[in-house]
Amino acid sequence: MKNLAYTTILASMFAIAAPAQAQFAKPEDAIKYRKAALTVMAAHFGRVGAMVNGRAPFDAKVAQENADVVAAMSKLPWHAFGEGTDRGDTRAKPEIWKEAAKFKEGADKLQAEATKLAAAAKTGNLDNIKAAFGPTASSCKACHDAYRKD
Ligand code: ASC
């Protein structure tokens, strides 16, 4: 019984860790995956943004839930920029692979800012969220400007 419990715990740990090391069968699967993660991130970031910009009433719980999704999604796209995923249905620029260290720096920056945004949202204070929102948006934009075709 104890063994079964350990096996179950181990299996669920791997299930959670799997996205971080997922190998894709085809390059187009990786492209689809990273676009999906970025799309979900944008949707939830936009919901926080609506409150920050006064287009939606502030609801601390909703802000926190959405910021948590942004922080979780911010970790996912990067391993899907592997070899052979520079072609196909993508606006990714070749610079991503030519400047891999710089690209990773941008990805790390976004994750750090998104984590700060989620921490700010946990305080339940809109001013804290506003302060963290700008740097997060800037880190989205910096990579789009440098690494995404129009
Ligand atoms: C968003 C979104 C982005 C970023 C970027 C910030 O809401 O979808 O890609 O913010 O526009 O400048």
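Which residues are around the ligand? In this predicted model, for which local features need pLDDT of at least 70, side-chain atom pairs count only at pLDDT 80 or more and totals for chains, interfaces and linings use all residues, the residues around the ligand are A42, F45, A137, C140, K141 and H144, a residue being near a molecule if one of its heavy atoms lies within 4 Å of it. Residues are numbered from 1 along each chain as its sequence is written, and side-chain values use heavy atoms, with hydrogens and water left out.

The protein covers 61% of the 310 Å² of accessible area that the ligand has on its own, where accessible areas come from the Shrake-Rupley method with a 1.4 Å probe and, for residues, only the protein chains shown count as cover. Helices α2 (27-52) and α6 (126-147) each supply at least two residues of the shell around the ligand, and α6 gives the largest share, four residues. By class, this shell holds four nonpolar, one polar and one charged residues; Ala, Val, Leu, Ile, Met, Phe, Trp, Tyr, Cys and Pro count as nonpolar, Asp, Glu, Lys and Arg as charged, and the others, Gly among them, as polar. A polar side-chain atom of H144 lies 3.5 Å from an oxygen atom of the ligand.

The secondary structure of the chain comprises six helices and zero strands, helices (H or I, at least four residues) and strands (E, at least two) being DSSP runs numbered from the N terminus. The chain exposes about 9,200 Å², of which carbon and sulfur atoms supply 61%. Among contacts in the chain with a separation of 6 or more, residues 24 or more positions apart account for 75%, contact meaning heavy atoms within 4.5 Å.

In soluble globular proteins, nonpolar side chains tend to be buried together. When neighbours within four places in sequence are left aside, V48 is in contact with A63, N66, A67, L117, I129 and F133.

Residue S139, found in helix α6, counts as buried because its relative accessibility is 6%. The side chain of S139 reaches the backbone oxygen of T136 at 2.8 Å, and, not counting residues up to four places away in sequence, S139 touches K109, L110 and E113.

T85 is placed in the loop between α3 (60-73) and α4 (95-98) and counts as buried because its relative accessibility is 3%. Its side chain reaches the backbone oxygen of G82 at 2.6 Å, while, beyond its neighbours within four places in sequence, T85 is in contact with P27, A30, I31, R34, A80, T90 and W97. R55, by contrast, lies in the loop between α2 and α3 and is exposed, with a relative accessible area of 62%; apart from residues up to four places away in sequence, R55 touches G49 and A50.

Definitions and conventions. Buried means under 20% relative accessible area, exposed over 50%, partly exposed in between (1.4 Å probe, protein chains only). A polar contact is a pair of N or O atoms within 3.5 Å; within protein, one must be able to donate a hydrogen and the other to accept it, and residues adjacent in sequence count only if both atoms are side-chain atoms.
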